[in-house]
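Let's take a walk through a protein model together. Have the structure open beside you and follow along as we go.

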Amino acid sequence: MTAIDIQESSEPRPSEKLLDVFEERMTDIWRRGGFDVPDPAGTARLVRLLLDREGFGPTATVLSDSGVRAEWNRVFAEERSDFLARWLGEHLHGPLLDVLGGDFTVGRALLRHGLASQALTGCERSYAYETDWSQLPFPVHDVPPDLALPAGPYACLLMSTVLHHEPDVVALLDAAAELDAERWVVVENCLDADNDEDFHLYVDEFFNRCLNTFEVPCVPQHRTVDGWRDLLGHYGTVTAEQVRRDVPGMPFPYTLFVVDR
Ligand SMILES: C[S@@+](CC[C@H](N)C(=O)[O-])C[C@H]1O[C@@H](n2cnc3c(N)ncnc32)[C@H](O)[C@@H]1O
């Protein structure tokens, strides 16, 4: 059996060009401050070779045994969340609904950065994460299949890197619009000349199979900055747009959209 046969049939096959970009981005992420990975370039080369020859499963084992997986997840939980709370904080005010807040590390960072816990509500699909919501200092509600979001009132909605995961993003935005919040703050990793749909999908799958075990399939719903602005423009006026290329742990830029309604 060749190394290629070892890969599960559903696993996306990365091209050499895609792996070149991912290797470069891993080196860059690990060289930035706050990341404890010895020999970033050598480790990125090893991970690239494993991904190419063995696929996600064996790569996940090596990342786990070497401590890189734990360090990457720590950076997501601590550094990415603090970065987002600092960046988004000035655009957000309570009462706030964190829409599909994942493990709520961003919500918790917002509290550390001054948002009152009474001003925050979260929602997430209850099957999606293992986080014990009862331990959080703010209420979290289940999001049912019909996407009915918990009733407000809310001044702001936060949708942080959720929209590109939705097979029917318009259904989620329509549900968000029902809540009558005057502002939406949206963060997306967008398509551009250096980050095409294949790259975003591959990295989404890498995160879900090598850094955590999220089993919902990833969907090709990434859009360009223009594409998101056009879509969000149906729901309000996009009053601010900012790009950050230095989000801790992330191998692509994030774009922030403020939508006033
Ligand atoms: C990257 S998490 C973002 C969580 C949180 N808003 C944050 O910024 O930390 C993506 C969200 O999309 C949802 N989702 C749906 N399909 C997904 C998939 N295939 N992979 C990852 N997340 C997915 C998750 O439930 C989660 O709420």
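## A glycine in a loop

Start with Gly-236: setting aside neighbours within four places in sequence, this residue is in contact with Trp-184, Val-259, Asp-260 and Arg-261. Keep in mind that this is a predicted model. You'll find Gly-236 in the loop between helix 9 (225-232) and strand 6 (237-244).

## Strand 5 and its partners

Arg-183 takes us to strand 5 (residues 183-188), which is mostly covered, with 5 of its 6 residues buried. Strand 5 pairs with strand 4 in the parallel sense over 5 bridges, and in that pairing Cys-156 stands opposite Arg-183. To get from strand 4 to strand 5, the chain passes through helix 7 (residues 169-177), making a right-handed β-α-β crossover.

Strand 5 also pairs with strand 7 (residues 254-260), this time in the antiparallel sense, over 6 bridges. There, Val-185 has Val-258 as its bridge partner.

## Strand 1, facing two ways

Now look at strand 1 (residues 96-99). Leu-96 and Asp-98 point one way, Leu-97 and Val-99 point the other way, and all of them are buried. In a regular strand, side chains alternate between the two faces of the sheet.

Strand 1 is joined to strand 4 (residues 156-160) by 3 bridges, and the two run parallel; Asp-98 sits opposite Leu-158. Strand 1 also pairs with strand 2 (residues 120-124), in the parallel sense over 4 bridges, with Cys-123 as the bridge partner of Val-99. Between strand 1 and strand 2 the chain goes through helix 6 (residues 105-112), and this β-α-β crossover is right-handed.

## The nonpolar cores

Which residues have the most contacts inside the largest nonpolar core? They are Val-99, Leu-157 and Val-186, in a core of 44 residues. A second, separate core has 20 residues, including Ile-29, Ala-44, Leu-63 and Val-75.

Beyond its neighbours within four places in sequence, Leu-157 is in contact with several residues, among them Leu-97, Val-99 and Trp-184.

## Around the ligand

Finally, find the ligand. There are 17 residues around it, and Leu-100, Gly-102, Ala-128, Ser-160 and His-165 come nearest.

Note on methods. Residues numbered from 1 in each chain as written. Predicted model: local features only at pLDDT ≥ 70, side-chain atom pairs only at ≥ 80, totals over all residues. Near = placed C-beta within 6 Å. Core = buried A, V, L, I, M, F, W, Y, C linked by C-beta atoms within 7 Å. Buried ≥ 20, exposed ≤ 12 C-beta atoms within 10 Å, placed from the backbone. Contact = placed C-beta atoms within 7 Å. Pairing = 2+ DSSP bridges. Right-handed = clockwise from strand over helix to strand, strands pointing away.
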